[in-house]
Structure formats: C-alpha cells, structure tokens
Number of protein chains: 2
Amino acid sequence: MNGNERKKRIVMLGAGFGGLSFCRAVDTSRAEVVLIDRQNHHTFQPLLYQVATAGLSMPDIAHPIRSIFRRKKGIDVRLDEAVHIDPEKSEVRLRDTGTIAYDSLVIGVGARTNYFGNDRWEAFAPGLKTLDDAALIRQRILYAFERAELTDDPAERTRLMTIVVVGGGPTGIELAGAFAELARFVLRRDFRRIDSAQTRIILLEVADRILQSFTPGLAAKAQRQLEKLGVEIRLDARIKEINHDSVILEDEAIPAANVVWGAGVRASPLCDSLPVEQDRAGRVKVAPDLSLPGHPDIFAVGDIVHLVDAAGKPVPGVSPAAMQMGRHVARILNRELRGKRGARAPFRYVDKGIMATIGRSKAIADIRGLRFSGFPAWLAWLGVHLVFLVGFRNRVIVFINWIYNYFAYRGGARIITGLDRMFRMNNHEARPRAVVEANPLPPTGPPREKSP
Amino acid sequence: MNGNERKKRIVMLGAGFGGLSFCRAVDTSRAEVVLIDRQNHHTFQPLLYQVATAGLSMPDIAHPIRSIFRRKKGIDVRLDEAVHIDPEKSEVRLRDTGTIAYDSLVIGVGARTNYFGNDRWEAFAPGLKTLDDAALIRQRILYAFERAELTDDPAERTRLMTIVVVGGGPTGIELAGAFAELARFVLRRDFRRIDSAQTRIILLEVADRILQSFTPGLAAKAQRQLEKLGVEIRLDARIKEINHDSVILEDEAIPAANVVWGAGVRASPLCDSLPVEQDRAGRVKVAPDLSLPGHPDIFAVGDIVHLVDAAGKPVPGVSPAAMQMGRHVARILNRELRGKRGARAPFRYVDKGIMATIGRSKAIADIRGLRFSGFPAWLAWLGVHLVFLVGFRNRVIVFINWIYNYFAYRGGARIITGLDRMFRMNNHEARPRAVVEANPLPPTGPPREKSP
C-alpha cells in the first residue's frame with residue numbers, strides 16, 4: 001500500500017453508536033473518512049422513550065455530528081442518505097449528491113420499526129426510532145389528554161385516556177412505565193375534569209412472558225413493578241388489527257386513541273440490496289470479522305448485523321454491541337492501513353450486562369450474573385446512561401432534568417408542537433371527535449346582568 | 001350582583017403575556033375563569049429568535065399553561081381556538097368545542113406576521129411568532145449550511161450562505177445579530193469545505209434608520225455593533241418581490257436561500273369580526289379602560305390593542321404593556337365582582353424602558369432616559385429576560401445554556417428535526433439543487449487495490 005500516492009477513502013454510512021465509535025477509533029492520518037447520515041445529529045436512542053413521554057426535550061438526547069468530530073481531522077461529515085450500494089463498482093449512490101466511491105465501506109444504517117407485514121398499522125401505531133417519531137408520539141398523547149378534558153362522552157373519554165404499548169421488550173417496558181408515571185404523577189394536577197391517574201396503559205406481549213432477554217426471575221420483578229404503576233399486562237396477546245380508534249385482539253377490541261409500537265425492528269431497506277444472506281429481520285449475515293462474505297472491503301456494524309460471535313453467542317442488537325463492532329472494524333482497517341496483512345481477528349461481543357428501567361426508582365439489571373432490581377438498579381441505569389450520553393452539555397442538562405423531575409415529579413417537556421400545522425393540514429383523524437361543551441357550563445349560559 | 005346564585009364566567013382568549021397576567025391577578029373566588037389558547041403552552045416570545053438561531057431549544061422558552069395555573073383554583077384551561085365572537089349573544093364560537101357563553105370576555109389573542117398584502121411571500125420568508133415558526137427557520141438555515149458544504153457551484157454556495165432579514169426593528173436586529181454569531185463563531189469549526197464565517201447576513205429596513213423606537217444615538221450604536229459582526233445593513237430598501245431563491249429590491253436582486261420576515265405584525269384575524277374601529281394593523285381601538293366602546297363586558301389586551309393612554313402616550317406592542325393591561329383588566333373586574341360600581345380607572349402605561357440585544361456583550365438600553373450600550377446593556381437585558389421567563393426550571397436551564405454558550409461559543413440546539421417528513425413530502429423546494437460530488441473526491445475514484 002503506497003499510502004503516499006493517495007489516501008484511501010473509507011465511507012461510513014450512519015452516525016449511530018456503531019458509526020460514531022468507528023469514526024472515533026479509525027486512524028485518519030492514513031485514510032480520509034466520509035461519514036454520511038440522513039440526520040445532522042446523533043440520536044441517543046436509549047433515551048428516546050423519555051422524549052416520547054415528555055420527560056426530556058429533543059436536544060437533550062441529540063448531538064450535532066459535526067460538533068462531535070470538531071476536533072478530529074479527516075472526518076468529513078455529510079448530510080445525505082445512501083440509497084444503493086454497488087459492490088462491483090465500489091460506490092454508493094446517495095439521495096442528493098450523486099455517487100461516492102470507496103476503498104472501504106462500513107454500513108451502520110440501523111434498524112426501522114417492523115410491523116411484520118402490517119405496514120398499514122404505522123399510521124395508528126407509530127414506532128420509536130427517531131426524534132421525529134418521539135415528538136409525534138408525545139404530541140399525540142398530550143393532545144389526547146387535552147381532548148379528554150373537553151369531552152362529555154364517557155366512552156370517548158376512556159378511549160382518549162387509553163394508551164396501548166405493543167411489545168414487552170425493554171422499549172415497551174420503558175414506554176409503559178414512563179407513560180404510567182406521566183399520567184399518575186406528572187399530569188395529575190394539571191386537569192380539572194379528568195383524573196389523569198385513571199389513564200389505562202395496556203402492554204401487549206405476544207409471548208407468555210415479558211423481557212425475554214432477562215431471566216424469568218428479573219422479568220417477574222419488572223412485571224410486578226409495572227403492575228404497581230397500574231400498567232395492565234396482557235401476555236399471549238395476538239393483534240389482529242389496529243385502526244384509528246382501537247386495537248383488535250383475538251378475543252377483545254380495546255378502544256384506544258394512542259397505540260405505540262415497540263414490538264420489533266427490521267434492518268434498514270438498504271440491506272436488502274446487498275449481495276448477502278439476510279435473516280428474517282433483514283439483518284445481514286456477516287463473516288466473523290464483520291465483513292460481508294466475499295466482500296472484504298465492506299463491513300456491517302450495529303443492529304443490521306446477524307452474527308453468532310466467536311464465542312458461540314448471538315450478538316444482540318444493543319448499543320454496546322454496536323460500539324464494540326465499530327471499534328473492531330476500526331482496528332482491522334487501522335492495521336491494514338499501516339500495511340499489515342494476514343488474517344483478521346474475529347469479532348467477540350463482551351456482554352457487560354443488561355438493564356431495563358420501569359420508572360422512578362424502579363429498574364432491573366443483570367450485570368454478568370449479578371442480578372438486582374429496584375432503586376440500586378435504577379441508580380446503575382441512571383449512571384450508565386449519563387456516562388454514555390454524548391457531549392458534556394447534554395449530560396449536565398439531562399442530569400439537572402432528572403434530578404428536578406425526581407424531586408418535583410414534573411416532566412419538563414410537556415410542550416405540544418406542530419398543532420398549527422396539524423390543523424392547517426385539516427387532519428380530521430387527529431382532531432377531537434364528539435367533543436362538546438363540558439359540564440357544568442351550559443352552551444349558551446343563563447340570563448345574566450351586564451356589567452355597568 | 002347576587003354572587004351566591006351563580007358565579008360569573010370570565011372567558012380569557014389567549015395565554016400570552018396579557019392572558020397570563022390577567023389570570024394571575026383575577027379573583028377566582030368570585031368568578032370562574034376559562035382560559036382558552038390554541039397551544040398547550042405559553043411561549044416566551046422575546047426569546048423566540050434564540051430558538052430560530054439554534055441558541056435555545058423549544059422547551060427552554062415554553063411552559064405548559066396548565067402547569068402555570070396548577071396551584072390557582074378556578075382557572076379552567078382549554079386547548080381550543082376562538083373563531084368568532086358574538087357580542088349580542090355574549091358568546092364565543094370555538095373551533096373544536098362549540099360555543100361558550102361569557103359574562104365578561106378578555107381578548108388577548110396577539111398578533112400575526114404582517115406581509116402587508118404580499119401573503120405569497122410567507123412560503124419563502126417565514127415570520128417569527130410561534131415555536132413552530134422558530135423551528136422552521138432553524139431547520140431551513142441549518143439545512144442550507146449542510147447543502148452549501150456539499151455543492152461545487154460557487155454561486156449556489158453563496159446563495160445558500162446568504163440570509164436576508166427583513167425589518168430593522170428589535171426582532172430583525174436580534175435575528176441578524178444572532179445569525180451572525182451563529183455563522184461566525186458557533187458553526188465555524190463544524191464544516192470542512194465552507195467557511196461559515198463568510199455567510200452574508202443582510203438586514204433590510206424600509207426607513208432611513210433602524211430601531212425607530214430608540215433614540216438616533218442608540219440606534220447608531222446598535223448599527224455599529226451589527227456591522228462589527230459583519231451584518232450588511234441596507235436602509236431605504238423596498239422589497240419588490242420574494243421568491244424561492246432571491247429577494248428582489250428596486251435596484252438589485254439578492255440571491256438568498258433564506259429570508260426571515262421581521263418587518264411587522266398585524267392583529268389576529270379574530271379582531272376583524274369585532275364591532276369596533278381598527279387601525280391599519282388591524283388593532284382594535286379600545287376605550288380608556290381597555291373595553292370595546294359600547295361593550296363594557298369585552299376587553300382587549302396586548303398587541304391587538306390600539307390605544308393612546310391617559311398620559312397621551314401611544315402604548316407599544318411590547319410584553320410589559322401586555323402584562324400591565326392584563327393586570328388592569330383584572331383589577332377592574334375584581335372590583336366589580338365585589339359589587340362595587342362607578343367609573344372604571346383608565347389604563348396608564350408605565351414605560352420601564354426598552355432594550356434590544358445584538359449579540360454576546362452587545363446590546364442597547366434606554367431605561368427612563370438612562371441610555372447605555374455594550375456589555376452593561378447586555379447584562380441588563382440578560383437579567384430582565386431571566387427574571388421574566390416563566391417557570392423555575394426554564395430559568396435554570398436557560399441560564400446554564402447562556403453561561404455555557406457564552407464561554408464555549410457553542411449553540412446547544414443545532415438539531416435539524418423534521419427532515420424525514422420534509423423528504424417524505426417530496427418538497428423539492430427545500431431540497432438541494434445542483435448539488436454534486438464535492439472536490440477533491442472524484443465521482444468514481446481511481447483504481448485501487450482491494451484489501452486482502
């Protein structure tokens with residue numbers, strides 16, 4: 001590799017946990033790195049549910065990508081989106097700026113919400129993968145409470161005050177717990193006619209228990225903590241249909257103004273165009289070194305990867321795995337950029353433990369077999385998430401928010417934005433139905449004296 | 001007034017500065033108060049420009065209305081919008097929840113952006129009256145820099161890096177100054193190909209000087225401070241047309257990807273249906289007590305009011321005036337609710353001074369004839385705005401943001417949201433034009449060795 005002639009170009013697709021870790025670890029003195037993302041910010045996905053549930057505001061968990069790599073030379077950040085990869089020509093076609101050639105390509109474009117063939121449900125049951133998703137969910141939930149406050153129809157009020165969360169994995173658990181706290185504590189004193197604590201939060205899980213990635217004992221603890229918050233958990237629940245006003249199960253229809261989908265993810269459609277085997281969730285089956293079989297110049301990282309690692313363990317789609325993969329690929333390429341050849345090291349996932357949070361002082365953790373729950377687990381969860389939040393400022397602000405919310409039980413981000421646009425678009429779906437003048441105020445009012 | 005029979009009902013339209021001050025001061029032991037706003041939050045409008053210029057995030061300057069009146073009984077908050085007022089029947093028709101009858105009505109629905117008959121310009125030159133306006137401006141500006149970074153066409157790059165601010169009043173000044181700081185300091189180290197400090201910021205003012213509400217001396221100081229930041233000020237500038245890629249003056253066309261309209265406001269269209277004289281900006285000409293002439297049960301407050309007060313001074317459309325008006329009307333109604341009759345006190349505006357900020361350590365202030373500029377004025381501006389920011393949490397967060405931004409020169413809210421929606425809507429207007437592969441990277445790349 002006669003590096004003096006021309007620097008190699010590495011294209012990194014996606015600035016998620018995998019992409020950021022890769023760019024931090026890669027040696028840019030020997031290669032130019034182009035980092036392409038369709039957003040201008042990295043989103044701290046583990047805390048998205050707090051934006052959806054009005055606990056944090058959007059910039060708290062997002063950080064401009066350019067700002068992250070301000071001090072690292074040789075990382076060229078571009079706002080664009082890959083639409084096709086051509087391994088033969090070694091180039092990527094982008095949505096806006098033509099094609100870009102690469103010497104090495106690292107794909108970390110992440111996963112999308114998976115409706116398992118029922119994409120029509122998306123309009124009624126948004127998933128939670130981006131800031132805009134989180135803002136939409138927050139807007140719909142808060143607006144439903146406003147509508148409930150103004151309706152006289154008890155059935156409609158119940159429907160407006162019912163939130164269905166689909167999926168009993170960590171995302172579903174965290175959403176259900178946070179919605180319960182929002183309704184029971186944060187919003188409680190806000191309304192005059194409705195009692196927001198009567199909000200029904202229903203968690204649907206298709207399997208016979210929640211949190212399958214945890215031990216049955218910890219999952220049972222989480223279930224009890226959720227039930228203590230008033231969350232109704234329905235196991236073995238199969239959804240037949242979701243429409244604008246209800247979720248239809250095999251034996252029951254649940255009228256609900258809001259349904260949030262946390263039931264599964266699928267690798268980005270970009271993966272479908274790659275010449276490589278995929279699993280049922282669209283994830284690409286990579287070689288042990290994370291490259292695509294037969295394409296040693298293309299790597300995949302993060303939750304688009306299907307891999308049983310060198311230790312025989314399937315690698316889960318979690319952020320620590322994505323970060324480790326990003327660093328692994330960077331080490332391989334750094335070595336080869338220095339002209340070293342020979343077999344590449346296989347990727348080995350180091351499982352530092354798993355955690356899920358249910359709410360204030362409620363969480364479960366399994367750190368290498370050390371299992372605990374309640375307040376210690378919640379503190380551990382808090383610490384880990386703060387440490388990993390990108391950027392100093394965000395850390396301070398989020399910390400202040402959390403401390404404040406802990407003591408005051410007040411979500412700081414209960415702002416509904418986009419209402420004007422919603423009404424301009426004349427979106428009747430989203431507007432109140434059967435909303436009438438609330439008691440005890442008669443529509444026209446009794447006779448009155450005029451002021452002098 | 002036999003108050004034991006039925007409480008009087010006061011309807012307050014709008015939760016701006018006037019509406020909040022009214023609701024805080026009104027005696028709810030003798031009247032029920034219904035506060036109606038089309039947003040669920042009060043927006044601290046004096047800091048909207050900081051959201052538009054990526055200095056603050058949206059929840060920093062917004063506070064849920066319900067939360068403000070949590071501890072005050074008898075304030076019934078409703079998310080809705082008045083569409084018609086019928087003074088004969090004493091009722092208000094609402095967009096969503098039918099009609100509501102009132103004994104007393106206070107109108108504080110505020111002003112909208114005024115394009116002076118050129119409403120088609122709104123699509124290209126958004127105004128700055130709501131959080132959504134601010135988010136839209138921020139999105140467009142930040143996205144234009146991203147597009148500039150990726151284009152090879154020098155003219156297009158210049159166009160993308162040109163921001164025109166229309167209007168040399170306080171809003172225009174604050175926007176121009178904050179855009180200049182964003183481009184010169186905050187974004188400067190973010191980009192590799194463009195030098196964001198070369199951004200052209202052009203302030204257009206139709207009169208022969210900026211800041212007409214200030215003395216010529218202070219306005220000249222503000223002008224010098226703006227010019228020091230690199231803002232080009234064009235006086236006597238008449239706009240003939242604004243379209244998707246330029247602003248056309250009488251003698252010049254300025255290619256600009258972003259135009260922001262800060263040139264004037266007009267009272268909400270709701271005022272047009274009132275049986276009362278209006279001025280050219282649609283503001284209602286009220287009686288000295290702020291009631292509508294001939295309708296002593298209807299009051300107007302805030303910047304929909306046209307009034308020369310009891311001291312012979314025209315009342316400006318600023319937030320202190322709105323707050324004083326809200327309190328004035330509350331005092332009148334409180335007195336009458338206690339059964340007192342007799343002549344009402346006329347409103348008298350107490351001018352505590354005016355200020356405008358240009359940027360970090362740059363501002364002007366005129367406090368009852370005491371005129372100063374620079375750092376002391378900026379500190380005064382900072383203090384006044386912090387004191388008036390509604391809500392404890394916001395104050396702390398905004399303060400931390402400001403301190404942090406002051407020392408680090410980093411805007412904390414440089415997040416572009418809504419990009420996905422923008423692209424889904426296939427809004428070609430907003431998409432990059434003539435964006436090609438940037439130098440020095442050739443489209444397909446030279447021949448290369450494959451990795452082993």
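Me: In which sense do E20(B) and strand E21 of chain B pair?
Reply: In this predicted model, E20(B) is joined to strand E21 (residues 295-300) of chain B over two bridges. Within this region, B:Leu292 has B:His295 of E21(B) standing opposite. The sense of the pairing between E20(B) and E21(B) is antiparallel.

Me: Which strands stand at the edges of the open sheet of six strands in chain B?
Reply: The order of the open sheet in chain B is E5-E2-E1-E9-E21-E20, and the pairing is mixed. A strand at the edge has a single partner strand, so one of its sides is left without a neighbour in the sheet. The strands in this position are E5 (75-79) and E20 (291-292) of chain B.

Me: Is B:Leu290 buried or exposed?
Reply: B:Leu290 is found in the loop between strand E19 (284-285) and E20 of chain B. A residue counts as buried if 20 or more other C-beta atoms lie within 10 Å of its own. B:Leu290 has 26 C-beta neighbours inside 10 Å, and therefore it is buried.

Me: What is the phi of A:Leu290?
Reply: Most residues other than glycine have a negative phi. A:Leu290, in the loop between strand E19 (284-285) and strand E20 (291-292) of chain A, has a positive value although it is not glycine. A:Leu290 is also buried, with 26 other C-beta atoms within 10 Å. Its phi is near 80°.

Me: How far apart are the end C-alpha atoms of helix H9 of chain B?
Reply: Helix H9 of chain B covers residues 375-388, which makes 14 residues. At 1.5 Å a residue, H9(B) should span 20 Å, and the distance between its end C-alpha atoms agrees with this. That distance is 20 Å.

Me: Which residues of H9(B) are exposed on the other side from its buried residues?
Reply: The buried residues of H9(B) are B:Ala377, B:Trp378 and B:Trp381. They cover an arc of only 100° around the axis, so they lie on the same side of H9(B). Their cover includes strands E23 (354-359), E24 (362-367) and E25 (370-373) of chain B. On the other side, the exposed residues are B:Phe375, B:Pro376, B:Gly383 and B:Val387.

Me: At what angle do the axes of helix H1 and helix H8 of chain A cross?
Reply: Two packed helices are described by the angle between their axes and the distance between the axes. The axes of H1 (residues 17-25) and H8 (residues 319-337) of chain A come within 7 Å, and the crossing is right-handed. Among the residues that meet are A:Phe17 and A:Leu20 in H1(A), and A:Met323 and A:Val329 in H8(A). The angle is roughly 35°.

Me: What is the handedness of the crossing of H1(B) and H8(B)?
Reply: In chain B, helix H1 (residues 17-25) and helix H8 (residues 319-337) pack at an angle of about 35°, with their axes 7 Å apart. The crossing of H1(B) and H8(B) is right-handed.

Me: Which residue just after H8(A) takes a positive phi?
Reply: The 19 residues of H8(A) should span 27 Å at 1.5 Å a residue, which agrees with end C-alpha atoms 27 Å apart. Just after H8(A), a positive phi of about 90° is taken by A:Gly339.

Note on methods: Residues are numbered from 1 along each chain as its sequence is written. Chains are lettered from A and ligands numbered from 1 in the order in which they are written. This is a predicted model: local features need pLDDT of at least 70, side-chain atom pairs count only at pLDDT 80 or more; totals for chains, interfaces and linings use all residues. Two strands pair if DSSP finds at least two bridges between them. Helices (H or I, at least four residues) and strands (E, at least two) are DSSP runs, numbered from the N terminus. The expected span of a helix is 1.5 Å times one less than its number of residues. A residue is buried if 20 or more other C-beta atoms lie within 10 Å of its own, exposed if 12 or fewer, and partly exposed in between; C-beta atoms are placed from the backbone. The arc is that of the directions from the helix axis to the C-beta atoms. Two residues are in contact if their C-beta atoms, placed from the backbone, lie within 7 Å. Axes are lines fitted to C-alpha atoms, for helices over the stretch in contact, and angles run from 0 to 180 degrees between N-to-C directions. A crossing is left-handed if the near helix is turned anticlockwise from the far one by less than a right angle, and right-handed if clockwise.
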